[in-house]
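Subject: Handing over a structure

Dear colleague,

I am passing this structure on to you, and below it you will find my notes. Please read them with the structure open beside you.

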Amino acid sequence: MPQPAVSAPVLDARDVCKRYPVGGGGLFARGPVPLLHAVDRISLTVGAGETVGLVGESGCGKTTLTRMLARLIDTTEGSILFGGDDLATVPAARFAGHPARAAIQMVFQDAEGSINPRFTAFDAIAAPLRRLNGLSGAPLRARVERAAEQCGLPLTLLGRYPHQLSGGQKARVGIARAVATEPKLLILDEPTSALDVSVQVVILELLAELKSRLGMSYLFVSHDLNVVRLICDRVLVMYLGRIVEEGPAEAVFRAPAHPYTRALVDSVAVPGQIREGPRLRLSGDPKSPIDPDQNACRFHGRCPRGQDVCGSVAPPEVTPGTGRRAFCHLPLMEHA
Amino acid sequence: MSQPPLLSVEDLSVEFRTRSGTVRALEAISFAIARGETVGVVGESGSGKSVTAYTVMRLLDDAARITSGRIMFGGLDMLGADAGTLAELRGRELSMIFQNPRASLNPIRRVGQQIADVLLRHANVGAKEAGERAVALLAEVGIPEPSRRAKAYPFELSGGMCQRIGIAIALACRPALLIADEPTTGLDVTTQATIMDLVSELGRARGMATMLITHDLGLATERCDRVVVMHAGHVVEDAPTAALFAAPRHPYTARLFAATPRPGLALSEISTIPGGLPDLRRDDLPPCRFSTRCDRRRDACDAPPLPRVTHQGRLVACHNPL
């Protein structure tokens with residue numbers, strides 16, 4: 001069973017923003033350049049030993065947010081506190097040389113596409129150790145083999161190329177590469193979405209075991225709410241660049257407060273369980289993220305509960321339960 | 001069943017000849033779909049779900065050989081039919097929607113024209129009427145501003161929109177059977193639900209049967225009247241949905257269900273399926289292709305033939321069912 005984190009957070013991101021200028025501009029442009037608000041003032045923490053889930057539709061900014069936290073792209077505003085430093089002040093281009101690079105690692109969605117096809121499994125796992133830890137020769141081999149062993153990858157497979165490995169084995173290479181540098185924070189972007197259920201369980205168990213064994217914290221991005229519910233202590237629900245709800249995963253999924261969370265939960269069919277009662281269904285598409293109205297709820301127009309106030313006043317923070325937050329004028333407050 | 005089924009697949013076997021040997025992709029599979037029925041075909045990758053769909057559509061690759069069996073569709077022997085008959089049938093009586101909606105559309109043709117193409121080919125209408133009906137179909141599949149969207153190219157539309165176009169193309173001629181091959185994989189969960197609502201509603205309104213190929217047991221539970229479970233080219237179980245999940249009889253079905261995350265279960269309560277799919281190129285494949293992974297295996301399992309027992313509308317291919 002998940003345990004709540006008590007100590008200081010490993011990662012503490014505050015008011016992180018990413019805005020991209022779009023169109024307009026140019027020599028004769030008048031007025032300000034339109035800005036696409038991909039991530040709009042998001043604050044989040046990941047506690048020691050905690051698994052935090054991040055869910056939301058494509059285009060909501062999940063990927064942009066995780067790329068910023070992994071310091072692959074620069075933030076427009078905000079701070080990313082990690083191990084006493086504000087990493088947001090380090091340009092992404094120079095972050096590869098920063099000591100925190102080895103401490104924040106990422107497991108990518110597409111294990112196939114994220115491993116260099118001309119690298120053997122050994123080379124793939126060795127690359128970050130060579131670059132970040134300066135290892136070579138026997139110590140390098142020992143570390144690669146240890147990472148492979150920890151991830152249940154037989155050492156006999158280390159000489160193979162990605163195309164010679166199964167989906168589950170490739171997933172293990174991707175995880176071994178990420179944990180080889182002994183990170184404190186692992187950002188996992190849909191690590192099991194391409195896998196069959198029988199393999200998925202094995203990989204999820206591996207991740208749970210590695211977390212406690214190596215003392216890591218996870219930020220887990222996924223579309224699969226059943227998986228998020230299974231392995232995450234806390235969940236953040238994103239909509240159009242904003243967090244609309246957060247709290248303990250089981251509580252949020254059992255009794256969502258934000259109508260968007262409710263719609264997400266209602267969209268998921270439960271295997272072997274015939275659904276009872278009506279579902280909250282969404283129609284239409286999200287609004288444009290370009291220069292959004294700061295005095296309106298982003299979900300307004302698509303929200304089945306929306307009223308006039310939602311279009312003219314920014315939604316207030318409400319507390320549906322312990323450790324929970326939601327941003328809504330008309331939250332669903334029937335509790336279990 | 002008093003009426004003959006709309007689609008019946010009997011004893012179908014399909015092989016692929018490859019450089020590294022013959023892959024026995026389907027072996028003696030049988031199932032049927034009644035008019036208006038929604039049947040799910042579930043299983044992991046490599047189980048033969050898509051090969052089954054492509055065989056029914058008669059869209060198999062040249063490397064494939066149908067070595068035994070019969071496919072009857074609305075009284076027509078699909079394996080004996082000539083190319084012209086099949087071409088008349090596909091798109092009119094028998095349609096398919098695909099996993100990757102954007103890739104299954106023509107990238108350099110306006111979506112309205114792509115819908116009209118089907119109508120021009122099959123519905124005996126002129127260009128003007130086809131265009132008008134295409135716009136009406138776009139409205140029917142829930143696309144806002146249909147006359148403007150008809151002029152869009154696939155890249156200008158979202159994944160969910162592209163799948164709606166795919167559905168509009170598939171349903172343009174009111175087919176009797178729709179084959180949906182992982183129609184919502186890769187779409188957002190909210191979009192998945194609306195796309196499946198659309199397929200269910202249109203199916204019901206038109207009395208259309210649907211063969212829903214999916215690896216998602218949740219989707220199968222929610223949308224299907226009956227579920228066919230496949231493993232390594234065999235149909236291992238075929239049962240009404242509620243009965244199947246309430247009490248799976250084939251050990252593989254039980255294992256697959258037990259490996260699927262569900263609310264209320266902890267990670268420790270979810271079990272894995274040991275081993276992997278057998279290599280389907282082997283000459284000495286055991287009669288039961290699950291036997292090497294099965295904890296209910298008995299000596300009898302190694303002796304052919306694999307039993308296929310039908311009892312109270314359920315089929316189980318196992319010597320030692322639950």
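In which helix is the place of A:Val179? A:Val179 belongs to helix 5 of chain A, residues 167-179, where helices (H or I, at least four residues) and strands (E, at least two) are DSSP runs numbered from the N terminus.

Before going further, please note that this is a predicted model, in which local features need pLDDT of at least 70 and side-chain atom pairs count only at pLDDT 80 or more, while totals for chains, interfaces and linings use all residues. Residues are numbered from 1 along each chain as its sequence is written, chains are lettered from A and ligands numbered from 1 in the order in which they are written, and side-chain values use heavy atoms, leaving out hydrogens and water.

A:Val179 counts as buried because its relative accessibility is 1% (buried means under 20% relative accessible area, exposed over 50%, partly exposed in between, with a 1.4 Å probe and protein chains only). Not counting residues up to four places away in sequence, A:Val179 touches A:Cys151, A:Leu186, A:Leu210, A:Leu214 and A:Met216, contact being heavy atoms within 4.5 Å.

Strand 3 of chain A, residues 51-55, is mostly covered, with 5 of its 5 residues buried. Strand 3 runs parallel to strand 8, to which 4 bridges join it, and it also pairs in the parallel sense with strand 9 over 4 bridges, pairing being counted if DSSP finds at least two bridges between two strands. A:Val52 stands opposite A:Leu219 in strand 8, while A:Leu54 has A:Leu236 of strand 9 as its bridge partner.

With kind regards
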